[in-house]
Amino acid sequence: MKATGVVRRIDDLGRIVIPKEIRRVLRIKEGDPIEIFTGKEGEVILKKYSPIGELSEFATGYAETLAKTTGHIACITDKDTVIAVSGGSKKEFLEQNLSKELEEVMENKEVYTSGDNNEIALPITENDTRERKYNSQVIYPIISQGDVIGSVILISKEQGTKMVESDMKVVQSAAGFLGSQMDI
């Protein structure tokens, strides 16, 4: 654990304010669920809760199936990071924070498809150098009980490759299935 040097008092309703700087660094927004743990020495540990992160092992298997089926790189994200990747560099994607552009697409519940080879692909991670590494992609939000909880992404590996209708349907199907698993 890392000390922040910040001390807060609990109010009469048992609430405590998480400082703005910490919320910004941890990307905690109003309405985000927080998981509460207790430690052996009386610590109270707050962790940003990721419903889709609970399915990370399952998501990894699903990403592997998507990559094998389509021949593209498959990524599954929660609202903040890539939680599963297959068919591409795990180092480049796995557990990396999402780009602001991708977060915005997800927040707006948009389905994003980069069209022809003249369009620049949307950056997936915040470390993306915006160099054109991949030609086309499909991004579909994972929605559970009306809230976006992540996304399913297919990215082409080869130049000149375009996403076809079947790729879009596979991504839509995967996002729908993952969202329905959270409703159970």
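Ala67 is situated in helix α2, helices being DSSP runs of H or I of at least four residues and strands DSSP runs of E of at least two, both numbered from the N terminus. The model is predicted, so that local features need pLDDT of at least 70 and side-chain atom pairs count only at pLDDT 80 or more, whereas totals for chains, interfaces and linings use all residues. Residues are numbered from 1 along each chain as its sequence is written, and side-chain values use heavy atoms, with hydrogens and water left out.

With a relative accessible area of 10%, Ala67 is buried; buried denotes under 20% relative accessible area, exposed over 50%, and partly exposed the range in between, for a 1.4 Å probe and protein chains only. Contacts (heavy atoms within 4.5 Å) link Ala67 to His72, Ala74, Ser86 and Gly87, not counting residues up to four places away in sequence. Gly87 is 20 residues from Ala67 in sequence, and their C-alpha atoms are 5.5 Å apart in space.

Helix α2 itself comprises 15 residues, 56–70, and extends 21 Å from its first C-alpha to its last, close to the 21 Å expected at 1.5 Å a residue. The expected span is 1.5 Å times one less than the number of residues. Besides Ala67, the buried residues of α2 are Ala59, Tyr62, Ala63, Leu66 and Thr70. An α-helix has 3.6 residues a turn, so residues three or four places apart point the same way. Glu57, Lys68 and Thr69 are exposed on the other side of α2. Gly71 follows the helix and has a positive phi, near 80 degrees.

An open sheet is formed by 5 strands in the order β4-β3-β7-β6-β5, with antiparallel pairing; two strands pair if DSSP finds at least two bridges between them. The edge strands, β4 and β5 (112–113), each pair on one side only. Strand β3 is mostly covered, as 5 of its 5 residues are buried. Ile73, Cys75 and Thr77 point one way from β3, while Ala74 and Ile76 point the other way. Antiparallel β3 and β7 are joined by 5 bridges, and Ala74 stands opposite Leu154 in β7. Between β3 and β4, also running antiparallel, there are 4 bridges, with Ala84 in β4 as the bridge partner of Ile76. A hairpin through 4 residues connects β3 to β4. Elsewhere in the sheet, β5 and β6 run antiparallel and are joined by 2 bridges; Tyr112 has Ile139 in β6 as its bridge partner.

The largest nonpolar core contains 23 residues, and those with the most contacts inside it are Ile52, Ile76, Ile142, Val152 and Leu178. A nonpolar core is a set of buried Ala, Val, Leu, Ile, Met, Phe, Trp, Tyr and Cys residues joined through side-chain atoms within 4.5 Å. Two or more residues of this core come from each of α2, β3 (73–77), β4 (82–86), β6 (137–144), β7 (147–155) and α5 (165–183). Apart from this core lies another, of 16 residues, among them Met106, Tyr112, Ile139 and Ile155. Leaving aside neighbours within four places in sequence, Ile52 is in contact with Thr77, Asp78, Ile83, Ile142, Ile149, Leu178 and Met182.

Polar contacts are pairs of N or O atoms within 3.5 Å; within protein, one atom must be able to donate a hydrogen and the other to accept it, and residues adjacent in sequence count only if both atoms are side-chain atoms. Lys48, in strand β2 (residues 44–48), makes such a contact through its side chain with the side chain of Asp80 at 2.7 Å, and another with that of Asp32 at 3.2 Å. Glu103, in helix α4 (residues 100–107), is buried, with a relative accessible area of 12%. Arg27, Lys79, Asp80 and Leu98 are in contact with Glu103, leaving aside its neighbours within four places in sequence.

Val6 is placed in the segment before α1 (20–25) and counts as partly exposed at 40% relative accessibility. A separation of 38 Å lies between the C-alpha atoms of Val6 and Gln181, which are 175 residues apart along the chain.
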